[in-house]
Structures are given as structure tokens and as C-alpha cells.
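Q: Can you walk me through what is packed inside this one? Start with what you mean by a core.

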Amino acid sequence: MPLRILIVDDSPVICSLLADAFSKLGHLVVAQVGSVPEAIQTYRYHQPDLVVLDISLIDGNGLAVLKEIRSTNDKTKVIIITSNGQQRIQEEVMAAGDCTFLFKPFGFDQISSALKSLSVT
């Protein structure tokens, strides 16, 4: 069964790359947004199975979005996009609940591996 996916990233290029990859893997991207308020509103509206969330958004920290997701539905799968140098943020993310990480730069194989680490393909 295909996953319903929300992509949260302020880069249209990254959103497009992720949407193409998830589509090739047989999943449905329900929305692509680039800000904290849009992410929270869109998450509440769509209630996706998976959220792919850039931790560094132009208007704030993706941790606010993650906390909202966890307070609404702690079963939602989350893939966090980050760079390798953000150890403190990675620790905060792990404290907020079960997530997997997708480290920049990434490609199709890393996206597929991130899905597998969440026990979804």
C-alpha cells in the first residue's frame, strides 16, 4: 500500500527531488510546503503516513513541526533532513521520538534506505 507523504523543505529543488524519488518508489506525495506554519497546517489537514522534514527551514526550526506531529499522532513516520554537522539538533530530534535521518547531500539510494529503516518500502 502506498504511503501518503508530506514533504517539508524550503528548497523547491529538494522538494522536487524527493517527490520524484517517492513517486518512483510507489508512494503518493500529498503536499510539498516550505515553512513551519504551512507544515503544521498541511499536516493537520492531510494526516500523512510519513513526513519528510528539513530541520532547518527559512522561517524557523523544523523541531516545532516535529513536536506538533508528535503531539497529534506519535505513530506518524518521520524522516529528518539534516547535515552531518548538526549533532545537537540530532539529539533533540531523537528525544522527540522515533525518526530516521537523511543526511545532505543525498540521492535515490539514501532515500530508499531511509524508508527501509522505518520498516516501510
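A: A nonpolar core is a set of buried Ala, Val, Leu, Ile, Met, Phe, Trp, Tyr and Cys residues joined through side-chain atoms within 4.5 Å. Keep in mind that this is a predicted model.

Q: Fine. In the largest nonpolar core, which residues touch the most other members?

A: That core has 22 residues, and the ones with the most contacts to other members are V8, L53, L66, I80 and V93. At least two residues each come from strand 1, strand 2, helix 2 (36–46), strand 3, helix 3 (62–72), strand 6 and helix 4 (87–95).

Q: What does V8 touch?

A: Leaving out residues up to four places away in sequence, V8 touches V33, S35, A39, V51, V52, L53, D54 and L57. Another core, of 18 residues, lies apart from the largest one, and C15, I81, I111 and A114 are among its members.

Q: Switching to helix 1. Which residues are buried there?

A: C15, L18, A19, A21 and F22. They sit on the same side of helix 1, because they cover an arc of only 165° around the axis.

Q: And what is exposed on the other side?

A: P12, V13 and K24.

Q: What covers the buried residues of helix 1?

A: The cover includes strand 1 (4–8), strand 2 (28–33), strand 3 (50–54), strand 6 (77–83), strand 7 (100–104) and helix 5 (108–117).

Q: How far apart are the end C-alpha atoms of helix 1?

A: They are 18 Å apart, which agrees with the 18 Å that 13 residues should span at 1.5 Å a residue.

Q: What follows helix 1?

A: G26, with a positive phi near 90°.

Note on methods:
Residues are numbered from 1 along each chain as its sequence is written. This is a predicted model: local features need pLDDT of at least 70, side-chain atom pairs count only at pLDDT 80 or more; totals for chains, interfaces and linings use all residues. Side-chain values use heavy atoms; hydrogens and water are left out. Helices (H or I, at least four residues) and strands (E, at least two) are DSSP runs, numbered from the N terminus. The expected span of a helix is 1.5 Å times one less than its number of residues. Buried means under 20% relative accessible area, exposed over 50%, partly exposed in between (1.4 Å probe, protein chains only). The arc is that of the directions from the helix axis to the C-beta atoms. Contact means heavy atoms within 4.5 Å.
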